[in-house]
Amino acid sequence: MTIDDVMDRLRKGGVRDDQFAGCDSTEVAWLEEAVGLPLPDSYKEFLLTFGRSAGKFGRDFHFFLFDSLRLVLADQYKIRRSINASLEDGGSGIYIVEEAFFFAGCSGNFWLFDLRDRRSNPPGYVASNEGDVVRVVAWSFTEFLVLDEG
């Protein structure tokens, strides 16, 4: 699945072309530099295509779009620490690596990439600071984008 496929599915769900607003390449470069590791190509393409707006899509997430994402970059460490504490309490032996990048969050769940995975369209994971679960939710970022059809 490509970003174009995602856009087509969003259009079918009622998002109009004038509601798509992407970031510019300097903003994406800034984010990648702030993270300190290369971001997946599919994620960068997402930001360039509709990283500022895609109608109602993504509004329920706390830092899915660029403006709110850049504000939460400093919290990445706190989120990882909180989730790892819950995972440790649960005795699962699972933990979130330092190279994790949290790109969305909602209701105590956080979606992330493992930036050690250099694929252009890597799996997306969900972790909760309420329990001891970390699991794959989509085998690619673009698949994650259409899980609930926006």
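Helices (H or I, at least four residues) and strands (E, at least two) are DSSP runs, numbered from the N terminus. Ser128 is found in one of these elements, strand β5. The structure is a predicted model, in which local features need pLDDT of at least 70 and side-chain atom pairs count only at pLDDT 80 or more, while totals for chains, interfaces and linings use all residues. Residues are numbered from 1 along each chain as its sequence is written, and side-chain values use heavy atoms, with hydrogens and water left out.

## The sheet

Strands of a sheet pair through backbone hydrogen bonds, either parallel or antiparallel. In this report two strands are taken to pair if DSSP finds at least two bridges between them. Four strands form an open sheet in the order β3-β4-β5-β6, with antiparallel pairing. β3 and β6 (134-138) stand at the edges with a single partner strand each, so one side of each lacks a neighbour in the sheet. Neighbouring strands of this sheet are turned by 35 degrees against each other on average, direction ignored; the axes behind this angle are lines fitted to C-alpha atoms, for helices over the stretch in contact, and angles run from 0 to 180 degrees between N-to-C directions.

β3 pairs with strand β4 (residues 109-114) in the antiparallel sense over six bridges. Within this pair, Phe102 has Leu112 of β4 as its bridge partner, and Cys106 has Asn109 of β4. The two strands form a hairpin with two residues between them, and Ser107 in the turn has a positive phi of about 55 degrees.

β4 is also joined to strand β5 (residues 124-128) by four bridges, and the two run antiparallel. Here the bridge partner of Phe110 is Ala127 in β5. Four bridges likewise join β5 to β6 in an antiparallel arrangement, with Tyr125 opposite Val136 in β6.

Burial is judged by relative accessible area: buried means under 20%, exposed over 50%, and partly exposed in between (1.4 Å probe, protein chains only). Five of the six residues of β4 are buried, and the strand is mostly covered. β5 is largely enclosed by the rest of the structure, because four of its five residues are buried. Ser128 counts as buried, at 13% relative accessibility. The C-alpha atoms of Ser128 and Ile79 lie 9.7 Å apart in space, although the two residues are 49 apart in sequence.

## Salt bridges

Side chains of opposite charge can pair when their charged atoms come close. The criterion for a salt bridge is a side-chain nitrogen of Lys or Arg within 4 Å of a carboxyl oxygen of Asp or Glu. Nine salt bridges are found in a search of the whole structure. Three of them are listed below.

| Asp17 | Arg11 | 2.5 Å |

Asp41 and Lys44 are separated by about one helical turn, because they are three residues apart in helix α3 (residues 41-50). Asp41 counts as partly exposed at 46% relative accessibility. Elsewhere, salt bridges that share partners join Asp8, Arg11 and Asp17 into one network. Arg11 is partly exposed, with a relative accessible area of 34%.

A pocket is defined on a 1 Å grid over the protein atoms alone, as an open set of points where a 1.4 Å probe fits, with protein on both sides within 12 Å along at least five of seven lines; lining residues have an atom within 4 Å of a point. Grid points are joined across faces, edges and corners, and a volume is the space filled by probe spheres set on the points.

The second largest pocket has a volume of about 150 Å³. Its lining consists of Ala34, Val35, Leu37, Leu73, Gln76, Arg80, Glu98, Glu99, Ala100, Phe101 and Leu115. At least two lining residues come from each of α2 (25-35), α5 (76-90) and β3 (100-106). By class, seven lining residues are nonpolar, one is polar and three are charged, where Ala, Val, Leu, Ile, Met, Phe, Trp, Tyr, Cys and Pro count as nonpolar, Asp, Glu, Lys and Arg as charged, and the others, Gly among them, as polar.
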